[in-house]
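Work through the exercises below with the sequence and the model open. Each task is followed by a solution in steps.

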Amino acid sequence: CLPWAAGEKIEVKNHFISDCVTQVLPFRKTGEESFQESGYLGWDDRSLGGSAQYANTTWYGYDWTFQLHRFLEFWPAWHLGLWGQFLLAGLGLYFYLRSISCPFWAALPCAVAYMWNSHFIHWMYHRHGLGGFCWIPWFLYFLEWWKSGSRCAFWAALASLCLCVIGLSLQYHAFLGIVLLGIMADGNGAKDLTRARWRIFWLAVLAVLFTGFMTLPCVQAFFENQNSSNNRGIWGYEEGWGQPLRNAISYLFYVFPFPLGQTNALDGWKLFQNNLFDVIYIGSIPLVAGVLGLSTKKCPARFRVWCLVSVVLSLSPMVGFLYRRVLIVFVLGALCAAGLWLAQASPESLKKAARRILFAAGIGSLVWFLGSLLLLQQKDFLVEKFYLLMDPAGSFIGTKEGQWIQARSERFFEDLLPWNWRNCLAMSLFFAGGLVLWGHAKQKLPQAATGVLLAGIVAAETAIYASGW
């Protein structure tokens, strides 16, 4: 009866995700059956001996994509909703950046980066973040519109915030709180700061009241879960007090994460006590532009709050509860800052940034190439070490499990080399992004061409990364 069941033997590529087949898809299928049988989300006898289908801390049965199962078969409803959420995310950020005076060429690549950011890709089965964060740019856009005094903008902002709330799990509601905190920090750029803060506060209150039919049962389920001692997460660091330092170092590699493994190889991020699931990749140029934008005086306070709070929380003892998923807020803030920086930077600043990007990419590629020549001489030794990381006792040698580990160890070694197709193409795109910025700064490329080229580069980079998933 399960929608993904296959009669023939299939080869599993991705061994990282299990919740999608043990929880997410069964919940969706149960909900679809409930719609067909009774017309509403009813009783689920598959969890806790029986519970309301919508009363779940990680489920969002009233999300608009779930309602598609009323009218369509399972997979058409699934795919249509998923593509709709990706498009909502990209279009929303594009219109928001345009509303804060970002030209087409600066807004388009940032919108593409948001639409295809790695967090959405990693969790696209769960849709923990995608389900609600696809609406946040629209909420920001309608807030900008509201500044003109339009009543329609108020209702549009409230509607988008409600859709955001019912599309998120309880954990992500905390992340939404960080977004609202950042907006209140600078009143969304309004002149009357106090009035603007009260507006945001009452919007949030109304959104909670209007979505109480889902949020209250979910909160109740959370406390019942806590009382049953079925707790998730801990205060502190699972890997010891050196974890935040190693995590912080690993964040530097988010600008180019390709050599550190993919799902059909090994997870090199564990060297930094991080996880492949937690990598944040938004393309090379958007990340560099975002960091530069955050360092300028013109950067709105809300963007800084989003980035600073999310990064600090991901390195704090709260990471045991929030996980590094909180960095989705950083993605939003960094891309908004990137759009503004690209729009406001002088030609000289753009040329300086392009020179540094090209220099860093050139030196990095040269060192990487020379280092890989040394690695090749130690291939057998390194592959054996990689194998023993997963099978220290060697108990699987000669078995199917051992062949599985061996294949992944060899694939991980190949991923380390710069002439691997993913690495080579991604580094070429990194160079191309720097050249496009240089050409724009030298006024050799028109704005429209710059925007389309940068968007294409970002789309290609994120697609290469997503191919590993």
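The accessible surface of the protein chain comes to about 21,900 Å² (Shrake-Rupley method, 1.4 Å probe), and carbon and sulfur atoms account for 65% of this surface. The model is predicted: local features need pLDDT of at least 70, side-chain atom pairs count only at pLDDT 80 or more, and totals for chains, interfaces and linings use all residues. Residues are numbered from 1 along each chain as its sequence is written, and side-chain values use heavy atoms, with hydrogens and water left out.

**Exercise 1. Describe the protein chain as a whole.**

Step 1. The secondary structure consists of 21 helices and two strands; helices (H or I, at least four residues) and strands (E, at least two) are DSSP runs, numbered from the N terminus.

Step 2. Of the 469 residues, 54% count as buried (under 20% relative accessible area, 1.4 Å probe, protein chains only).

Step 3. Take the contacts (heavy atoms within 4.5 Å) between residues at least 6 apart in sequence: 74% of them join residues at least 24 apart.

**Exercise 2. Determine how helices α13 and α16 are placed and which residues meet.**

Step 1. Two packed helices are described by the angle between their axes and the distance between the axes. Here the axes are lines fitted to C-alpha atoms over the stretch in contact, and angles run from 0 to 180 degrees between N-to-C directions.

Step 2. The axes of α13 (residues 284-294) and α16 (residues 328-344) come within 7 Å and cross at roughly 80 degrees. The two helices are therefore roughly perpendicular to each other (65 to 115 degrees).

Step 3. From α13, P286, L287, A289, G290, L292, G293 and L294 take part; they meet F330, A334, L335, A337, A338, W341 and L342 of α16.

Step 4. By class, this contact has twelve nonpolar, two polar and no charged residues. Ala, Val, Leu, Ile, Met, Phe, Trp, Tyr, Cys and Pro count as nonpolar, Asp, Glu, Lys and Arg as charged, and the others, Gly among them, as polar.

**Exercise 3. Is T65 buried or exposed, and which residues does T65 touch?**

Step 1. T65 lies in helix α2 (residues 64-67).

Step 2. T65 counts as buried because its relative accessibility is 0%.

Step 3. Leaving aside residues up to four places away in sequence, T65 touches R28, G81, Q85 and R127.

Step 4. The side chains of T65 and R28 are joined by a polar contact of 3.3 Å.  A polar contact is a pair of N or O atoms within 3.5 Å; within protein, one must be able to donate a hydrogen and the other to accept it, and residues adjacent in sequence count only if both atoms are side-chain atoms.

Technical notes. Parallel < 35°, antiparallel > 145°, perpendicular 65-115°, else oblique. Buried < 20%, exposed > 50% of the residue type's maximum accessible area, 1.4 Å probe, protein only.
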